Amino acid sequence: MGNFPKGFLWGGATAANQCEGGYLEGGKGLSDPDICTGGNHTTSKRITPVLEEGTFYPSHEAIDHYHRYKEDIGLFAEMGFKTYRFSINWTRIFPTGEESEPNEEGLKFYENLIDECLKYNIEPLVTISHYELPYELTRKYNGWTSRLLIDLYVKYCEVLFNRFKGKVKYWLTFNEINCGTMPLGNFLSLGILNDGTKDFMNQVDVPQLRFQGLHHQFVASAKVVKMGHEIDPNYQIGCMIAYSTSYPLTCNPDDVLLTQERNRVMNHFCGDVQVRGEYPSYMNRYFEENNITIKKEAGDDEILKDGCVDYYTFSYYMSTCQTADPEKLTAGNLTGGAANPYLKASDWGWQIDPKGLRYTLNEIYDRYRIPLMVVENGLGAYDKIEDDGSINDDYRIDYLREHIEQMGEALKDGVDLIGYTPWGCIDLVSASTGEMAKRYGFIYVEKYDDGSGDFARRKKKSFDWYKEVIASNGEKL
Ligand code: BG6
């Protein structure tokens with residue numbers, strides 16, 4: 001027998017803005033990703049506050065999950081999913097974020113989707129905010145820089161918690177909240193659009209605004225954790241961190257210290273606040289050296305203390321190396337750093353490091369001692385449909401197998417790992433590049449970057465492989 005515990009939550013993950021489409025259907029308002037054009041590995045997607053006629057916006061139709069969720073969930077059930085991680089698009093519930101009453105049609109859509117999961121005994125795992133801020137909140141308030149967003153978010157969550165009580169148990173407050181510690185997080189996770197920003201990958205960055213926005217998200221998340229437990233004591237409410245483990249490039253103590261700083265600021269800071277309920281002392285020096293002053297209101301510290309998360313989840317795609325020597329800064333990894341000479345990279349330059357997942361799981365579990373879930377992992381790759389219609393994605397199977405093996409090792413190490421939801425279990429739009437060509441799924445979707453495609457679904461080779469993995473509870477890899 002393998003060593004995955006009974007009841008382990010095998011499944012897959014998506015996000016509304018990357019798969020639903022139907023961008024103005026059912027009363028939905030415009031959200032931040034809806035104003036992003038397509039892009040690719042070498043050309044950044046653009047942010048266009050006014051929609052341009054004739055320009056392709058990938059989120060507008062995405063993979064049409066909005067109309068095809070029953071077919072998709074049916075396929076997930078065929079693979080044996082125990083859980084499905086999806087997100088709720090805030091603008092389906094509150095189209096501008098500021099309405100006094102929620103949009104019933106939006107709530108009904110998610111209720112139907114949740115019921116469809118429950119029909120197959122698939123446990124819904126709901127991300128409340130996955131890079132989907134109502135655009136009106138960006139336009140009027142520059143996103144999370146405004147404290148007003150805390151109450152708007154709490155109101156949104158209150159509606160969800162009451163409506164889906166008894167149907168949903170697992171919630172995540174913010175997807176990859178630590179993106180806010182990096183310039184990339186400005187628009188993506190904080191809805192901040194500073195003057196002059198056009199390219200998604202090259203945003204005008206004001207660290208003071210980013211970290212203040214992050215503080216507002218921490219307070220909002222903590223308030224919601226407390227409220228959720230009051231509404232339903234069975235609710236399990238977690239954090240979600242984009243974890244990109246950093247190794248020192250060499251044993252030069254300068255590299256080691258820099259690595260420690262990067263790991264603290266980019267990987268640990270948000271988890272420390274959300275799990276331990278307070279700002280870690282190491283951030284004081286970082287704030288001072290970067291001229292950042294966090295404006296807290298009276299009571300914020302107590303709110304953080306009262307709203308510690310129940311479990312910790314993270315995405316894991318790659319690791320990176322840190323070097324204090326600017327000449328050795330080579331890498332293509334999304335979060336910067338230097339390339340690791342011992343690792344290969346994906347076609348998008350993300351360095352593949354399965355053992356890094358075991359290391360990371362141990363690091364996090366040692367730090368917090370609460371249940372963990374890997375809620376994103378996977379290989380973005382170019383897939384090809386063969387003449388006979390098959391899609392032989394052995395490279396993806398290899399990637400996932402090696403990561404699952406390392407999760408098994410971490411379980412042996414004593415880590416309390418409770419679930420695994422590989423990213424983009426069905427092909428969807430890439431968050432960083434806005435393209436369809438970067439595919440992660442077990443299910444291929446016939447949709448392409450020129451806007452063509454009829455959305456037909458096809459099983460890849462990995463579909464049957466993952467089905468076996470789940471059926472054998474991780475034994476048959
Ligand atoms: C995570 C996000 O950062 O990585 C997802 O939560 C995203 O939304 C995923 O899609 C993979 O990144 P990308 O850029 O390849 O889509």
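This is a predicted model: local features need pLDDT of at least 70, side-chain atom pairs count only at pLDDT 80 or more; totals for chains, interfaces and linings use all residues.

Reader: Why are α2 and α4 called roughly parallel to each other?

Author: Helix α2 (residues 65-79) and helix α4 (residues 104-119) pack at an angle of about 20°. Angles under 35 degrees count as roughly parallel, and α2 and α4 are therefore described in that way. Their axes lie 10 Å apart, and α2 passes α4 in a right-handed crossing.

Reader: Which residues make the contact of α2 and α4, and what makes up that contact by class?

Author: Y69, K70 and I73 of α2 contribute, together with L113, E116 and C117 of α4. By class, the contact has 4 nonpolar, no polar and 2 charged residues. Tyr and Cys count as nonpolar.

Reader: How do you know that α12 and α13 are roughly parallel or roughly antiparallel?

Author: Helix α12 (residues 354-368) and helix α13 (residues 394-412) have axes that cross at roughly 30° and come within 8 Å. The limit for roughly parallel is under 35 degrees, so α12 and α13 are roughly parallel to each other. Their crossing is right-handed.

Reader: What does α12 present to α13 at the contact?

Author: P354, K355, L357, R358, L361 and N362 of α12 meet residues of α13, among them E402, H403 and M407. The contact divides into 5 nonpolar, 3 polar and 5 charged residues.

Reader: What makes up the shell around the ligand by class?

Author: The shell has 4 nonpolar, 7 polar and 3 charged residues. In total, 14 residues surround the ligand, and the closest are A15, G380, S430, A431 and S432. Gly counts as polar.

Key: Residues are numbered from 1 along each chain as its sequence is written. A residue is near a molecule or strand if its C-beta atom, placed from the backbone, lies within 6 Å of it. Axes are lines fitted to C-alpha atoms, for helices over the stretch in contact, and angles run from 0 to 180 degrees between N-to-C directions. Helices (H or I, at least four residues) and strands (E, at least two) are DSSP runs, numbered from the N terminus. Angles under 35 degrees count as roughly parallel, over 145 as roughly antiparallel, 65 to 115 as roughly perpendicular and the rest as oblique. A crossing is left-handed if the near helix is turned anticlockwise from the far one by less than a right angle, and right-handed if clockwise. Two residues are in contact if their C-beta atoms, placed from the backbone, lie within 7 Å.
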